[in-house]
Amino acid sequence: MDEVDRIVSAWRRERPDLDVSALEVFSRVSRLARHLDLARRQAFSHHGLVHWEFDVLSALRRAGKPYQLTPGQLVAATLSSSGTMTNRIDRMVDHGLVVRLANESDRRVTHVRLTEEGRTRVDAAMTALLSSERELLAGLDEDERATLACLLRRLLLTFD
């Protein structure tokens, strides 16, 4: 029995009229999310990044060479507002992680490009993150991980 089993059992004892079966899934997802959040914070901070910096840098890195996107594309990729993104880009420029470039064909458009320092840090943070995430999944074999991923995908498709 884990802590969630104890919680569910107590609710079933105290409120047998309620269907508390959803707690068996979502309480575990919530607890796992806390462990994942801690692992991510450690992976990012070890490489001098915070979560939002990693989000922006990883969006640029995934874009492929020349590792650049417009601020609007970054807003879409990171689900943040344009005002927030402007502030984040400013801070990352100050830290040498990205540069702003004017579009040569349309001066109204700017691009944000990953610097070598930004690429080095996001690559290192990603390596550390994947190692931490593998540890979180260590209790499952490859088939179980694939099944879990498939079930979570199916559940999340109703929201995406």
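Visitor: Is Arg-15 buried, partly exposed or exposed here?

Guide: Arg-15 counts as partly exposed, because its relative accessible area is 35%. Bear in mind that this is a predicted model.

Visitor: Okay, and what does the side chain of Arg-15 meet in a salt bridge?

Guide: That would be Asp-17, with an N to O distance of 2.7 Å. Asp-17 is exposed, since its relative accessible area is 56%.

Visitor: How many salt bridges turn up in the whole structure?

Guide: A search finds twelve. Some join up: Asp-2, Asp-5 and Arg-28 are linked in a network.

Visitor: Why would such side chains pair at all?

Guide: Side chains of opposite charge can pair when their charged atoms come close.

Visitor: Which residue does Arg-61 pair with?

Guide: Arg-61 forms a salt bridge with Asp-123, and their closest N and O atoms are 2.8 Å apart. Arg-61 sits in helix H3 and Asp-123 in helix H6, so this pair ties together parts that are 62 residues apart in sequence. Arg-61 is partly exposed because its relative accessibility is 27%, and Asp-123 is partly exposed at 27% too.

Visitor: And where do Arg-121 and Glu-117 lie?

Guide: Both are in helix H6, four residues apart, which is about one turn of the helix.

Visitor: Let's switch to the inside. Which residues touch the most other members of the largest nonpolar core?

Guide: Leu-57, Leu-60 and Leu-74 do, out of 23 residues in that core. Helix H3 gives the largest share, six residues.

Visitor: What does Leu-60 touch?

Guide: Leaving out residues up to four places away in sequence, its contacts include Tyr-67, Leu-74, Val-112 and Leu-114.

Visitor: Tell me about Leu-114. Is it buried or exposed?

Guide: Leu-114 is buried, because its relative accessibility is 8% and the cut-off for buried is under 20%. Leu-114 is found in strand E3. Beyond four places in sequence, Leu-114 touches residues including Leu-57, Leu-60, Arg-61 and Val-122.

Visitor: Where does Phe-26 lie?

Guide: Phe-26 is in helix H2. With 48% relative accessibility, Phe-26 counts as partly exposed.

Note on methods: Residues numbered from 1 in each chain as written. Predicted model: local features only at pLDDT ≥ 70, side-chain atom pairs only at ≥ 80, totals over all residues. Heavy atoms only, no water. Helix = DSSP H or I, 4+ residues; strand = E, 2+ residues; numbered from the N terminus. Buried < 20%, exposed > 50% of the residue type's maximum accessible area, 1.4 Å probe, protein only. Core = buried A, V, L, I, M, F, W, Y, C linked by side-chain atoms within 4.5 Å. Contact = heavy atoms within 4.5 Å. Salt bridge = Lys/Arg side-chain N within 4 Å of Asp/Glu carboxyl O.
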